[in-house]
Amino acid sequence: MRLRTGILLVVVLLIAALATLNWGLLSQPTPMSLGLTQVTAPLGLVMLGLTAVLGVVCLAYVFYLQSTVMLETRRHNKELQVQRDLADKAEASRFTELRNYLDAQEQSRAARNADLQAELVKRIEQLELGIKSRADQSDNTTAAHIGQLEDRIERRTAPSDINPQI
């Protein structure tokens with residue numbers, strides 16, 4: 001941007017220097033035709049004035065374009081900020097949904113683990129009952145066998161009243 005400004009400044013200075021050096025010639029009145037009428041005026045000053053007016057119009061146009069671009073940029077930045085806010089909200093809602101999904105998965109896993117644990121406890125209790133039942137049966141069987149053995153031993157060792165040996 002500085003190069004353009006420098007070139008423009010050099011051109012303006014050249015025009016000013018040329019006008020200063022040739023002021024006498026520029027201010028000399030000459031007959032000019034305006035289309036419908038003819039006037040006598042300094043042609044150089046008229047042309048210099050038109051050049052100045054053209055420069056002012058160009059500057060006004062540049063300022064207008066720059067202000068338009070700045071306003072448009074500001075509007076785009078506002079829209080971009082709105083879009084960013086929407087994207088942030090959408091991302092936050094996705095994170096919330098993900099957290100809720102993970103919480104639901106964790107709760108279902110915990111429920112499954114609780115169910116499996118309850119089932120395991122139930123099976124262990126059934127196995128304990130079965131082992132206890134078999135232990136009781138084994139004790140009863142052993143007691144019955146011991147009782148039978150005791151009866152046999154008592155019958156063999158007891159004196160018999162029915163058949164006395166003489």
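1. Terms and layout. Helices (H or I, at least four residues) and strands (E, at least two) are DSSP runs, numbered from the N terminus. On that basis the protein chain follows the pattern α-α-β-β-α along the sequence, with three helices and two strands.

2. Basis of the model. This is a predicted model, in which local features need pLDDT of at least 70 and side-chain atom pairs count only at pLDDT 80 or more, while totals for chains, interfaces and linings use all residues. Residues are numbered from 1 along each chain as its sequence is written, and side-chain values use heavy atoms, with hydrogens and water left out.

3. Overall dimensions. The C-alpha trace of the protein chain spans about 190 × 30 × 15 Å along its principal axes. Its radius of gyration is 59 Å, whereas a compact globule of 166 residues would have a value near 15 Å. The radius is taken over C-alpha atoms, and the globule rule is 2.2 Å times the number of residues to the power 0.38.

4. Burial. How many of the 166 residues of the protein chain count as buried? The share is 3%. Buried means under 20% relative accessible area, exposed means over 50%, and partly exposed lies in between (1.4 Å probe, protein chains only).

5. Helix 1. This helix covers residues 2-21. Its 20 residues reach 28 Å from the first C-alpha to the last, close to the 28 Å expected at 1.5 Å a residue; the expected span is 1.5 Å times one less than the number of residues. Of these 20 residues one is buried, so helix 1 lies largely in the open.

6. Nonpolar patch. Leu-3, Ile-7, Val-11 and Ile-15 make a nonpolar surface patch of about 370 Å². Among them, Ile-15 is found in helix 1 and is partly exposed at a relative accessible area of 34%. Patches are made of residues with over 30% relative accessible area and no salt bridge; like charges are joined within 9 Å, and nonpolar side chains (Val, Leu, Ile, Met, Phe, Trp, Tyr) within 5 Å. Accessible areas come from the Shrake-Rupley method with a 1.4 Å probe, and for residues only the protein chains shown count as cover.

7. Strand 1 (residues 29-33) pairs with strand 2 (residues 38-42) in the antiparallel sense over five bridges; two strands pair if DSSP finds at least two bridges between them. Ser-33 has Gln-38 in strand 2 as its bridge partner. Four residues lie between the strands of this hairpin, where Gly-35 takes a positive phi near 100°.

8. Salt bridges. The structure holds three, a salt bridge being a side-chain nitrogen of Lys or Arg within 4 Å of a carboxyl oxygen of Asp or Glu. Arg-75 meets Glu-72 at 2.3 Å, N to O, and meets Glu-79 at 2.5 Å, N to O. Arg-75 and Glu-72 are three residues apart in helix 3 (residues 43-157), about one helical turn. Arg-75 and Glu-79 lie four residues apart in helix 3, also about one turn.

9. The remaining pair. Arg-109 forms a salt bridge with Glu-106, their closest N and O atoms being 3.5 Å apart. Arg-109 is partly exposed at 41%, and Glu-106 is partly exposed at 46%. As for the other pairs, salt bridges that share partners join Glu-72, Arg-75 and Glu-79 into one network.
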